[in-house]
Amino acid sequence: MKSKIDAILAEIESFNIKDLKSLEEYRIHFLGSKGIVKNMFGELKTVPGEQKREVGQLLNNLRIVAEDKLNSAKETLESSASDAEKIDLSRPGDVDEIGAHHPLSLVRREIIDIFNRIGYTVSEGPEIEDDWHNFSALNFPPEHPARDMQDTFFIEKGEKEIALRTHTSSVQVRVMENSKPPIRTISPGRVYRNEAISARAHCFFHQVEGLYIDKNVSFADLKQTLLYFAKELFGEKAQIRLRPSYFPFTEPSAEVDVSCTICNAKGCNVCKNSGWLEILGCGMVDPSVLEACGIDSKEYSGFAFGMGVERIAQLKYKVNDLRLYSENDVRFLKQFTAGF
Ligand code: PHE
């Protein structure tokens, strides 16, 4: 019996496991349910009583040697298997998430496209602005409430005040300072106001402001431009109405409403039964603003307008909580995958 065990040990040692096939042959031959090791254990009962203990130990050792060789051969074969052998074609594949443009990007791009078509260029400027470009050049008197800490995030107070811009009109000041009319440009960008964050207000939002300066620009040009814009954005049926308003940098100034696209101006809860939705502010550029920016107000006139991108997105997509736009919740953002 002992010499038989030695012979099997030698056989195990010399068995060449070179691939998965021979690995399986080895397993069946030595460790299978009818394999050699099992048989040997079966023969244990023929061994005389006083030798049982010793032979039993030898058999246990035989089994361990046989199993060790199987396991280590298995490991080396698996780690050296080529990638192609390792690929499990029956596994479900990884699903690639399709990205989406942010709704504000979609709306901003649409607004830019509409104005591009009638010759407006795009101008950008810094988000950190000085008092001159954000306020003074725009005819804000020193005591104007918009300069108050309530509305503006100041970075530096004192002689030369530095703040986060509260509107992109600051970009228009820069354009007027650096170029000669005719000027036809829009300035999209992020703006900041010191407001408590809620569904209806946020400490930052996005604007697109427009500026047109040339000889003989009139209020009628402004109205027609805005009517074109409203129809392009909301459809051919869209109508606009202008209500008198006030901005320090425009005179006269107006607030513009578009006919409610949700109820076709019949009255609903979005337009609060009025049939109209407020979308932007506008007016004729105040001559003192033109002069402050080095443009001769006797020769030139112009109009300006400004709108909130979130507001337009709210009307287009019926998203009523402003906070959703900056929370990056994929459940919200995923809904815009159909956008371009
Ligand atoms: N700058 C104004 C705002 O932020 C919008 C505006 C722009 C109004 C141009 C009139 C003309 O509210």
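## Ligand shell, pocket and backbone

Welcome to this briefing: Ala-265 sits in the loop between S8 and S9, where helices (H or I, at least four residues) and strands (E, at least two) are DSSP runs numbered from the N terminus. The model is predicted, and local features need pLDDT of at least 70, side-chain atom pairs count only at pLDDT 80 or more, while totals for chains, interfaces and linings use all residues. Residues are numbered from 1 along each chain as its sequence is written, and side-chain values use heavy atoms, with hydrogens and water left out.

**Backbone details**

- For Ala-265, phi is near 65 degrees, a positive value in a residue other than glycine.
- Pro-181 and Pro-182 are joined by a cis peptide bond with omega about 5 degrees; Pro-182 belongs to the loop between helix H8 (169-178) and S5.
- Another cis peptide bond links Glu-251 and Pro-252, with omega about -5 degrees, and Pro-252 is placed in strand S8 (residues 250-259).
- As background, most residues other than glycine have a negative phi, and most peptide bonds are trans.

**Around the ligand**

- There are 13 residues around the ligand, and His-167, Ser-169, Arg-193, Gln-207 and Glu-209 come nearest; a residue counts as near if one of its heavy atoms lies within 4 Å.
- By type, the shell around the ligand holds five nonpolar, six polar and two charged residues. Here Ala, Val, Leu, Ile, Met, Phe, Trp, Tyr, Cys and Pro count as nonpolar, Asp, Glu, Lys and Arg as charged, and the others, Gly among them, as polar.
- Ser-169 has a polar side-chain atom 3.1 Å from a nitrogen atom of the ligand.
- On its own the ligand has 330 Å² of accessible area (Shrake-Rupley method, 1.4 Å probe), and the protein covers 90% of it.
- Strands S6 (204-214), S9 (276-285) and S10 (301-308) are the elements that give two or more residues to this shell; S10 provides the largest share, three residues.

**Second largest pocket**

- This pocket has a volume of about 250 Å³. A pocket is an open set of points on a 1 Å grid over the protein atoms alone, fitting a 1.4 Å probe, with protein on both sides within 12 Å along at least five of seven lines; lining residues have an atom within 4 Å of a point.
- Its lining has 18 residues, of which His-102, Leu-104, Arg-190, His-206 and Glu-310 are closest to the centre.
- Helix H6 (103-116), strand S5 (183-192), S6, helix H11 (309-317) and helix H12 (324-327) each supply at least two lining residues, and S6 gives the largest share, four residues.
- Seven nonpolar, seven polar and four charged residues make up the lining of the second largest pocket.

**Domains**

- The chain is assigned domain 1 (2-84) and domain 2 (103-339), with bounds from an automatic or database domain assignment.
- Taken over C-alpha atoms, the centres of domain 1 and domain 2 are 83 Å apart.

Definitions and conventions:
Polar contact = N/O pair within 3.5 Å; in protein donor to acceptor, adjacent residues only side chain to side chain. Points joined across faces, edges and corners; volume = space filled by probe spheres on them.
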